[in-house]
Structure formats: structure tokens, C-alpha cells
Amino acid sequence: MEQIAFTLISLFTLACAVGVVLCKNAVNGAMCLLLCLAGIAGLFIQLHAYLLAFLLVWVYAGAVVALFLFIIMLLDMQGGKPLRIRGLQGAAGVVSAALLIVGLNLLAVRGKLASVAAPGHGVGSRLELYSDQLLTTYMLPVQVMGFLLLIAMLGVIVLSRRTDAAPSK
Amino acid sequence: MTPALNAYVMLSASLFAIGFLGVLLRRNTLVIYMCLELMLISATLALVAFSHFNGTEDGDVFVFFILTVAAAEVAVGLAIIVALFRARQTVQVDELDSLKH
Amino acid sequence: MNPVHTAFHVLMAPLISAALITLFLGKRGTMASAVSTAAAAFVAVFALSLALGGERFSASQEWLRFGSFSISMGFKFDDLAALMLSIVGVVGLCVHVFSLGYMHDDDAKARYFGGLSIFMFSLIGIVLADNLFMMFVFWELVGFSSYFLINHFRLKREAAAAAKKAFIVNRVGDFGFILGIILCYWANGTVNLSELGEASASSHLAYSRLIPLLLFCGAVGKSAQLPLQVWLPDAMEGPTPVSALIHAATMVAAGIYMLCRIDVLMVPDASAVIAWVGTLTALYAALCAVTQRDIKKVLAYSTLSQLGYMVAAFGLGSTGAAMFHLTTHAFFKALLFLGSGSVIYGCHHEQDIFRMGGLRSRMPATFWTFTIAVAAIIGLPFLAGFFSKDAILLLAYERRPAVFAVLAFTAILTSFYMLRLWKIVFLGAPRTEAAGHAHEGGISMTAPLALLAALSIVGGYRGLYPRGYAGILSLVPESRGSAHLVILLTSLAVLAIGAGAALSFYGMDGTDALEVGFPGLFGFLNTLQRSFDRFYDWYVDRVQQRLAMFLNFFDLVLLAGAVVRGLFAGSVEIVGFGVRALHTGRLSTYVYWFLGGVVVLWAFAAGVL
């Protein structure tokens with residue numbers, strides 16, 4: 001049962017990922033990314049990481065992809081050009097992607113990962129465990145994250161200032 | 001029967017490779033950025049899978065950080081793209097080559 | 001006064017004038033013109049006094065010494081130099097006076113007169129030089145002055161291109177010239193003309209066919225012989241008095257003068273080559289002149305043709321005949337050019353002959369002086385050109401009949417195109433309004449014309465020349481007996497045929513009768529005229545540029561990179577070239593390099609590498 005669900009969801013996710021890459025229109029691509037995120041959230045739920053699944057949907061799909069859509073609609077509504085696999089660059093791209101897929105999958109197959117047994121019940125479904133880790137073991141990264149967010153905010157404000165020339169009379 | 005770990009890792013690897021292909025071959029900066037995000041998502045999937053099969057929660061917690069970083073990165077990156085668009089009036093990456101020798 | 005000092009003052013006066021104009025009178029055109037004309041008058045007066053005074057001298061001063069090799073500067077004032085200096089002085093003064101009127105409204109008068117002065121200085125240097133090195137120095141200076149003056153109308157692109165072309169083509173000839181000088185020094189141990197003359201007299205001169213031919217290269221460039229004649233028609237972009245002085249009377253004649261100076265080095269084989277080059281130039285130029293519409297271009301090709309005559313005369317063995325024709329040519333060609341300047345000025349700067357006409361009644365002084373000059377150049381009996389041209393034809397008849405035939409045919413063409421020019425410009429009715437309102441230019445323009453016309457009439461009578469010139473003029477061949485009659489008949493016949501054909505063939509309707517009636521022939525002559533320029537353009541573009549790019553690459557990358565800066569520094573630079581090429585500015589390239597790096601790290605980690 002879980003296997004079937006996993007297979008379906010993973011196929012769906014892969015199809016949407018391919019859709020992101022192949023879509024001509026950037027908005028369509030953003031939609032495909034959204035669906036891809038939904039698929040990944042499904043996989044997270046299957047891995048018993050419920051909090052993360054919700055976080056993914058709220059933060060990633062809800063904020064980041066929305067921001068993407070805003071910017072796409074601000075900048076690029078001309079329709080867009082399709083993926084062009086021509087010439088040396090196209091060939092090199094396909095070859096390198098193929099190498100990656102084949103290589104990583106071989107690694108996954110040949111490695112000792114298949115023999116790892118699934119634990120009985122998921123660990124990551126209780127908020128206490130997260131907060132416990134976040135506030136003890138991972139305190140430093142949390143603070144660094146705060147700092148990072150501050151800097152990012154400042155950076156965005158600076159970058160999006162208008163660079164006006166002399167005001168028109 | 002639950003899927004084995006290598007299934008998740010294979011899926012993550014494939015997603016990563018597809019994202020990489022997109023980064024290489026698409027010419028719209030925004031689409032390249034979305035494919036970059038796809039690569040990040042595949043990394044989070046691998047992390048969660050490993051954490052689940054190991055029985056610890058370290059991987060899950062790490063995904064928090066990845067999410068945060070991804071959000072900050074997207075914000076700043078899109079701000080840069082907007083500024084670039086204002087300067088060059090284009091988001092096609094092959095028209096943005098003024099750093100060439 | 002000591003004649004050496006006089007000669008020195010004659011040399012220095014134009015230089016001082018040029019210096020004054022450059023330093024102080026840059027914006028004051030009228031003052032500059034006065035200074036320059038005063039210097040020219042000084043030169044004319046004292047040159048004539050030196051020549052007529054009969055003093056012949058040499059003086060020399062060592063200038064540079066490198067071990068056993070020394071270069072000296074000096075004067076060699078013999079009959080040849082006296083004659084040339086007189087011509088330069090008289091014609092120079094006429095042109096200066098003419099320029100006072102012609103260039104009166106020009107904005108850059110000071111620059112123009114400064115250029116004229118520096119030209120006079122350089123040319124007098126060539127005339128007085130006593131050794132080939134000094135002559136070469138002043139040769140290059142003359143080339144520079146010519147460049148400067150052709151480029152007078154600086155803002156015109158054609159003028160700048162023409163000046164560049166003149167200088168570069170002259171440079172090509174000068175390359176042969178300097179090789180000849182070096183070879184002469186190496187073979188004979190000296191380049192001093194007097195010493196070479198003494199060595200020749202005592203048969204100590206090294207026999208060489210190469211030396212005279214290489215030295216002749218300089219004359220080919222300066223006197224615009226085939227194949228370096230391409231610069232002279234373009235040089236007409238300069239103001240008309242410049243064309244009169246430099247490109248008709250004096251500078252182009254400097255090549256002939258130089259040939260006469262090195263007469264002692266000539267050998268029969270070299271003379272034959274020189275004679276044929278001159279003859280072919282005369283023929284080619286005459287063929288080109290027949291189709292020209294611009295009055296100055298006709299005269300330019302005519303100059304080329306007459307220079308060919310002079311070179312042929314020299315090649316046939318007589319410096320006297322060459323110098324005699326040079327003298328008479330200086331007079332009537334300068335007159336023709338100044339007359340054309342008067343015509344251009346009168347028609348408000350119109351140079352197309354088919355837009356003139358009817359100037360006979362409107363500009364009488366110019367008309368009569370121009371007619372005298374035309375008559376002189378076609379060899380009308382009793383005018384100057386008759387005697388000098390006959391001397392050359394006689395020489396050819398006696399020594400090389402083939403050359404005689406070609407020169408006689410060229411004489412027909414000369415009459416033909418000169419009468420064509422004369423008829424279309426002066427006779428008939430005015431074809432444009434500007435021609436209808438033409439008027440004379442004033443005394444400063446008419447007086448030199450009158451003086452030169454007088455000289456064109458009497459210049460042929462060698463008996464009338466003062467005693468001072470007897471030395472050189474006695475070298476002109478005299479005809480005797482049957483040859484005398486043949487030459488006389490030939491010259492009259494060519495005159496009649498050419499003039500008659502031109503007068504009857506060309507109509508007054510403002511079109512070129514040859515173009516209309518015989519378009520094939522006209523087209524052929526045009527192609528002939530352009531052939532040299534086309535060939536040179538092709539050569540520079542296809543052969544020379546490619547060689548230059550290859551040499552540039554070789555020098556930049558291999559020599560400067562690897563060899564000069566040392567192997568390490570050079571290879572660093574070459575590697576730098578390569579690394580710089582990695583900066584393509586394209587995102588995808590950087591991502592590929594990223595992938596490459598990941599693969600390498602991966603292989604490393606997997607133990608493969």
C-alpha cells in the first residue's frame with residue numbers, strides 16, 4: 001500500500017519537475033513547481049515528518065513560490081522561450097544531466113542503502129523533539145539564521161531602492 | 001511494504017539532476033532560479049529520508065535551516081533580478097553577458 | 001661677399017621664415033605671407049646673383065662621425081646646381097606672389113606660407129647638397145613639406161588621404177634610394193659627389209648595375225614614374241599654387257636633378273632601364289590625360305608625361321637634354337598651373353572643364369598667357385618647348401629608334417589633350433553662370449603669369465642665357481644634317497595631327513566627345529588610369545595586411561611573450577590569455593565549469609583519481 005502511494009507520488013513529483021524544466025511560460029513553470037512541492041510534502045508525510053510537510057507547504061509553497069509568481073508577473077510576461085537543446089551547449093547539458101542521473105542512481109543502488117531497515121514509527125512527528133534540538137544542540141545555527149534573515153531583509157531593501165537621476169522639473 | 005531508503009535517494013538524485021538540467025539549459029533567469037530551488041528541495045528530501053531511516057531527528061531539524069536559508073536566498077536573489085531587469089531591461093541570461101573578457 | 005656664405009644665407013632664409021611663422025605668426029596670415037614672400041624674393045635675388053656671378057665652389061663640414069664613418073654637410077655649387085637653383089628661385093618667387101592673391105581669403109594662410117617656406121628650404125638643400133646622405137635628409141624633408149602642403153585643406157577627407165598616399169608612395173621609392181646609398185658607400189667608400197666624380201675620372205669606381213638602379217628608385221618615387229606614379233594625380237587636392245610649385249616645376253624635378261647628379265655612376269644597362277621606364281611613363285600618362293575632366297588632373301598627367309620625357313632623355317645618355325627640358329618645363333608647367341589657378345579662382349573654385357567655357361573674352365590676360373604655355377608644351381616652333389623637346393627626340397632618334405617612335409606618338413597625344421583642354425576651357429560660350437561672371441584675379445595673380453609667359457617664349461634660346469649657365473647648356477645635343485630635317489618634320493607633324501584632331505573633334509556642347517562617340521575607347525582609357533590604384537588596393541588588402549596580422553601575432557605572442565620577457569614570464573602571459581578566454585560572461589559556461597569541478601572532486605573522493 002505504501003509502496004503504491006510512494007510510486008504514484010514520486011512519479012507525480014518527477015513529472016512536475018520535468019514540467020518546471022520544460023515549460024515555455026514561466027508562470028506555468030511556477031505552477032509546476034508548486035505541484036512538485038505538493039508531491040514532496042506528500043513524501044514527507046509518508047516519512048512521518050508531518051511538521052516539515054506543513055512547513056514546506058506554508059513557507060515554501062505559500063511564500064517563496066508566491067514571491068516567484070509576483071516577480072515573474074512583474075518582469076516577464078512576454079511568453080518566454082522554450083528549452084533549446086541545440087549545439088554544443090545542448091549536448092553538453094544533456095550529457096551532464098544524464099551522467100548525474102545515472103551516477104547518482106548507481107550510487108544509490110550499489111550502495112548499502114537498501115539494507116537499511118525502516119524504523120517502526122516516525123520520530124519526527126512531535127514538536128517537542130524539534131524544539132528541544134533547536135534550543136540546545138542547534139542553538140548556534142538558529143542565531144545565525146536570525147542574523148541571516150536580518151541581513152537578507154536589509155539587502156532586499158537596499159537592492160530594491162529606486163536609483164533616480166536628477167528629479168524632473 | 002514501505003519503500004527502501006535507496007528509493008528515496010534515487011528520487012532525490014533524479015530531482016537534483018533534472019533541476020541541474022534546467023539550470024544549464026533554460027535561458028530565462030527566473031526559470032533558472034526555480035530549477036535551483038528544485039535542487040534545494042531534492043536535498044531536503046534526501047535529508048528527511050536519511051533522518052527517518054536513522055531514527056534521529058537531526059535531519060529534520062536541519063531542514064528548518066535549509067528552508068530558512070532558501071527563503072532568504074529567494075528574497076535576495078529576486079531583488080537582484082529585479083534590479084538587473086531595471087538596468088538591462090531583460091531577464092534572458094544570454095543577453096546578460098557584459099562581464100565577458 | 002663670400003659665395004659660400006651667400007649660399008648658406010640662401011639656404012637659411014626660408015628656414016628662418018618658416019620658424020618665424022611657426023613660432024610667432026601662427027594667427028597673422030598677412031604678416032606671414034609677407035615674411036614668406038620676402039624670403040622667396042631674397043632667395044631668388046641671391047640665387048641669380050650666385051649663378052650669374054660665375055663662382056663655382058664646394059664647401060663641406062663634418063657633421064657626424066662614427067669611428068671611420070662620417071657624414072658631412074656641404075655645398076656643391078657647379079653649373080648644374082646654379083641652373084637648378086635659379087629655376088627654384090624664380091619659379092618659387094612667382095608662386096609666392098601668385099599665392100598672395102590666390103590664398104588671400106584662406107583661413108589658414110599662415111600655415112600655408114610656413115609650409116611653402118619649409119619646402120623652399122628643403123629643396124634648396126637638395127640642390128646644394130654635395131653628398132648623397134645630405135641629399136637624402138633633404139629629400140625626406142621635401143617629402144614632408146609636400147605632405148604638409150597637400151594636406152592644407154585638412155578637414156577634407158580626400159586631401160588627407162592624398163597626402164598620406166603621396167608620403168607613403170614616396171617612402172617606397174626612398175627605400176630603394178637608401179639601399180642604393182648604402183651600397184654606393186660600401187662599394188666606393190664615399191657618397192660625396194665630387195669624390196665619386198674624381199673616382200670615375202680615374203676609373204676607380206666600382207662597376208655596379210645595382211647602385212644606379214636603386215638610386216633611380218628614389219627618382220621613381222619622387223618624380224612619379226611608373227609604377228609609383230599613383231600619388232601625383234591625387235596630390236592635386238592641394239591648393240593650386242602648391243601644385244604649380246611642388247608637383248610641376250620643382251619637387252618632382254628633384255628626381256631628375258638627383259639623376260643628373262649621380263650621372264657618373266651610370267652604366268649602359270641601367271641607362272636602358274631608366275630610358276624605358278621614362279618612355280612608358282610618358283606614354284601611360286598621356287593616355288590617361290585624354291579622358292580627364294578636372295583641369296588640374298589633366299595638368300597632373302601632363303606633368304607625369306613630361307617627367308617621363310626628362311627621365312627618358314637622361315636614360316638616353318644626356319644630362320644636358322634632361323636639364324634643358326626640366327628648365328623649360330618648369331616655366332611653362334608652372335605657368336599652366338598658375339593659369340589654371342587663375343581660371344579656377346575666376347570661376348569661383350570650379351574645376352570641371354565642362355563647366356567652363358568662353359573665358360577667352362572674360363579673362364584675357366590669363367587666356368593669352370595660357371595659350372603661350374600650351375603652345376610651348378606642344379612644341380610650337382620658336383617657343384621654349386620646341387627646342388627642348390626636339391633635343392630629346394633627336395637623342396632618341398640617334399640612339400634608340402623604338403623610344404623615338406613611342407615618344408613621337410606621345411607627342412601627338414600631348415598636343416591632342418592640351419588643345420582639348422585649351423579649347424573647352426577658353427573658347428565657345430560660357431556653359432555655366434560662374435563661367436559667365438569670370439574675371440581676372442588682380443595684379444598679384446597676373447604679374448607672375450606674365451613673367452612666366454615671357455620665360456616660356458625666350459627660354460628655348462640657349463644663346464640668350466647668361467654666360468653662367470653655359471656649362472650645362474652646352475651638353476644639350478645639337479642636330480645636324482639629315483637628322484635635323486627628320487626631327488623638324490616629325491615635330492611639326494605631331495603637332496599638326498594632335499592639335500588638328502583635338503580642335504576638330506571636340507565640340508562646344510559641354511559633353512566629352514570622346515565619351516559620347518567612342519565609349520569603348522573611353523572606358524578602356526579610364527580602366528587603364530585606375531588599374532594601378534586598383535592593383536595597389538588589392539595588394540595592400542590581401543597580401544600586406546595578412547602578412548602584417550601574422551607578424552603582429554608572432555611578435556605579440558611569441559616574441560614579446562615568450563622570448564623577450566623570458567620563458568616564465570612569457571608563458572605566464574600566454575596562460576593569462578587562455579584564462580581570460582574563460583570569462584565568457586555567460587552563466588551556462590560557469591555552471592559547466594562548476595559541474596566539471598564537482599565531477600573531479602567526486603572522482604577524487606571515489607578513489608578514481
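I began with chain B and counted three helices and zero strands. I took helices (H or I, at least four residues) and strands (E, at least two) as DSSP runs, numbered from the N terminus. The model is predicted, so I kept local features to pLDDT of at least 70 and side-chain atom pairs to pLDDT 80 or more, while totals for chains, interfaces and linings use all residues. Residues are numbered from 1 along each chain as its sequence is written, chains are lettered from A and ligands numbered from 1 in the order in which they are written, and side-chain values use heavy atoms, without hydrogens and water.

**Chain B**

From the N terminus, I read the order as α-α-α. Of its 101 residues, 65% count as buried. My cut-offs were under 20% relative accessible area for buried, over 50% for exposed, and partly exposed in between (1.4 Å probe, protein chains only). Chain B exposes about 3,400 Å², with 67% of it supplied by carbon and sulfur atoms. These areas come from the Shrake-Rupley method with a 1.4 Å probe; for residues, only the protein chains shown count as cover. I then looked at contacts (heavy atoms within 4.5 Å). Among those in chain B with a separation of 6 or more, 59% join residues 24 or more positions apart.

Next I looked up R26(B). I found it in the loop between α1 (5-25) and α2 (29-54) of chain B. R26(B) is buried, at 2% relative accessibility. A polar atom of its side chain lies 2.5 Å from the backbone oxygen of C23(A).

**Chain A against chain B**

I listed 82 residues from chain A and 70 residues from chain B in the contact. The two chains bury about 7,000 Å² between them, 79% of it on carbon and sulfur atoms. Buried area here is the accessible area (1.4 Å probe) that two parts lose on being put together, summed over both. L47(A), F68(A) and L75(A) supply 10% of what chain A buries against chain B, more than any other three residues.

I counted zero salt bridges between chain A and chain B. A salt bridge needs a side-chain nitrogen of Lys or Arg within 4 Å of a carboxyl oxygen of Asp or Glu. α3(A) gives the most to the side of chain A that touches chain B, with 13 residues.

**Chain C against chain A**

Here I found five residues of chain C in contact with seven residues of chain A. The pair buries about 500 Å², 69% of it on carbon and sulfur atoms. Y592(C), L595(C) and W602(C) supply 83% of the area that chain C buries against chain A, more than any other three residues. Again I counted zero salt bridges, this time between chain C and chain A.

**Salt bridges**

R65(C) and E62(C) meet at 3.1 Å, N to O. R65(C) is partly exposed at 48%, and E62(C) is partly exposed at 44%. K76(C) and D78(C) meet at 3.9 Å, N to O. K76(C) is buried at 16%, whereas D78(C) is partly exposed at 23%. R355(C) and E350(C) meet at 2.9 Å, N to O. R355(C) is partly exposed at 41%, whereas E350(C) is buried at 16%.

Conventions: A polar contact is a pair of N or O atoms within 3.5 Å; within protein, one must be able to donate a hydrogen and the other to accept it, and residues adjacent in sequence count only if both atoms are side-chain atoms.
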